Amino acid sequence: MIISFILNGNNVECEVDKNERLIYTLRERFSIKSVKEGCGIGECGTCTVLIDNEPHYSCLTLSSKVNGCDVKTVEFLNANGELHPLQEAFIKEGAVQCGYCTPGMLLSAYSLLLKEKKPYITKIKEAISGNLCRCTGYKQIVEAIQKVEIYGILDNIPSVEKKIQPHSSKEEILKKLSEKKGLKIIAGGTDLLVKERKEEKTHDFIELWGLDELNVVKEENGKIIVGSTITHAELNRNETINKKAKSLALACGMIGSPQIRNMGTIGGNIINASPAADSIPPLLIHDALCVIESKNTKREVALEDFVVAPYKTSINEDELLTYIKITSLEGYREGYEKVAKRASLAIARLSIAYAIKEDKDVFQDIRISIGSCTPMPFRPKDVENFLKGKKRQEALIKEAVSMVLKGIVEKSGMRPSYKYKLPVLEGLLIKILRG
Ligand SMILES: Cc1cc2nc3c(=O)[nH]c(=O)nc-3n(C[C@H](O)[C@H](O)[C@H](O)COP(=O)(O)OP(=O)(O)OC[C@H]3O[C@@H](n4cnc5c(N)ncnc54)[C@H](O)[C@@H]3O)c2cc1C
Ligand code: FES
Ligand code: FES
């Protein structure tokens, strides 16, 4: 297919193969060798590019996705022939050694600086958390980004002039799914393209990008409707979700890295149905209903019934997850705890989403969901009911927590990992219930 996009400020057009990845297009068709393949599976950041000024991994991006988009590689920074202040800062502050990670680091930093001229150190660390450096060390890199002003004036946010608006409709997708067997839906590609690469398989993809009608968060009849193609980054910053489904906003903000959050969608997270999926525990406490459509049918299934086994849902080949309907929990004390090996690019070893409504120390309503502990995330509803209407007391909390732990062992048997997980879960639940 022919794609047109803006590359480093210039309109370009090229023919790409089916399932061609952006890293290949940039390196082989445009000779941009600054975009490098380290891992090829979204874990190192050396292939980072900016799409519409947000960092993405080009190793997990199909080239067709950038049709009509603004793409920047590090060459954009010194397009006028002079080093950009950020590049000067990296050199002068000793933030470059072998240079392998540097283009990706610069782009992640540049994207942050477009949004915030003087970011806090925590924001800087967060912004580069999807880019690994194996020689310089992060201290100098963070310092270089902090000191960038010394090395020159940052340019203003460049206006993105899009020539083409990629567009398709839900009806078109459903028609294609009904007509052709074996089509594989691709949204962000962050699960699918990793799998495809590991299994050395190629799929006949049907792409969800440009499907504007699913890219929404709206409120209808007291429910929040979340479109399946909304990315984790969009949910993390969405005002309604932050106000009425805080645990979901927090969980989405802890997924992968900034690049993964800009690419991965909530629909893909649900359909992948990993026991460690971060969005599932918050969705369960919000009584999520999945809207599943095919050309001629439409059904709504509770998320807890939709995920039937680890990595398996009840979706059929001709069906599309279109929306997720969730209950608003405004006024609840809500949160998400994720225990993982590190803060970024690590899957949950244990996760808890919770929403608690209290009045004068009495539990009015309590919702807890636990992920990464049993084959599927679950809500201990017996314990929720046990606590409802009772006054918060230490003995009550201990009893409730021991009920949760006992329920888990009854469900899954005594797994080797429980030696670590159960005491951690106990500590977290006590902390949450104490408030
Ligand atoms: C480096 C890395 C780190 C990660 N870290 C985390 C993490 O911390 N937490 C976490 O939960 N996940 C993590 N993931 C997994 C992944 O990013 C998420 O599961 C993501 O939400 C998947 O969404 P996607 O849009 O990329 O799905 P895709 O890869 O496009 O699709 C995944 C599956 O869903 C199907 N699908 C997608 N959308 C629909 C739809 N609307 N209707 C029907 N079928 C659909 C596809 O056919 C495919 O089977 C990580 C992945 C990588 C590569
Ligand atoms: S090559 Fe490692 S993230 Fe893309
Ligand atoms: S400078 Fe060598 S990997 Fe970062």
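User: Which residues of α16 meet which residues of α17?

Analyst: Two residues are in contact if their C-beta atoms, placed from the backbone, lie within 7 Å. Helices (H or I, at least four residues) and strands (E, at least two) are DSSP runs, numbered from the N terminus. In this predicted model, I397, A400, V401, V404 and L405 of α16 meet L422, L425, E426, L429, I430, L433 and R434 of α17. This contact has ten nonpolar, no polar and two charged residues; Ala, Val, Leu, Ile, Met, Phe, Trp, Tyr, Cys and Pro count as nonpolar, Asp, Glu, Lys and Arg as charged, and the others, Gly among them, as polar.

Residues are numbered from 1 along each chain as its sequence is written, while chains are lettered from A and ligands numbered from 1 in the order in which they are written. As the model is predicted, local features need pLDDT of at least 70, side-chain atom pairs count only at pLDDT 80 or more, and totals for chains, interfaces and linings use all residues.

User: At roughly what angle do the axes of α16 and α17 cross, and with which hand?

Analyst: Axes are lines fitted to C-alpha atoms, for helices over the stretch in contact, and angles run from 0 to 180 degrees between N-to-C directions. The axes of α16 (residues 394–412) and α17 come within 10 Å and cross at roughly 140°. A crossing is left-handed if the near helix is turned anticlockwise from the far one by less than a right angle, and right-handed if clockwise; that of α16 and α17 is right-handed.

User: On which strands does α17 pack?

Analyst: Strands of a sheet pair through backbone hydrogen bonds, either parallel or antiparallel. Two strands count as paired if DSSP finds at least two bridges between them. Here three strands form an open sheet in the order β15-β16-β17, with antiparallel pairing. Its edge strands, each pairing on one side only, are β15 (333–339) and β17 (362–371). Neighbouring strands in this sheet are turned by 15° against each other on average, direction ignored. Helix α17 (residues 418–434) packs on the sheet and touches β15, β16 and β17, its direction making about 20° with that of β16. Strand β16 (residues 350–359) is joined to β17 by nine bridges, and D359 has V362 as its bridge partner in β17.

User: Which residues come nearest to ligand 1?

Analyst: A residue is near a molecule if its C-beta atom, placed from the backbone, lies within 6 Å of it. Of the 32 residues around ligand 1, A187, G188, G264, G268 and N269 come nearest. The shell divides into 16 nonpolar, twelve polar and four charged residues. Helix α12 contributes its largest share, five residues.
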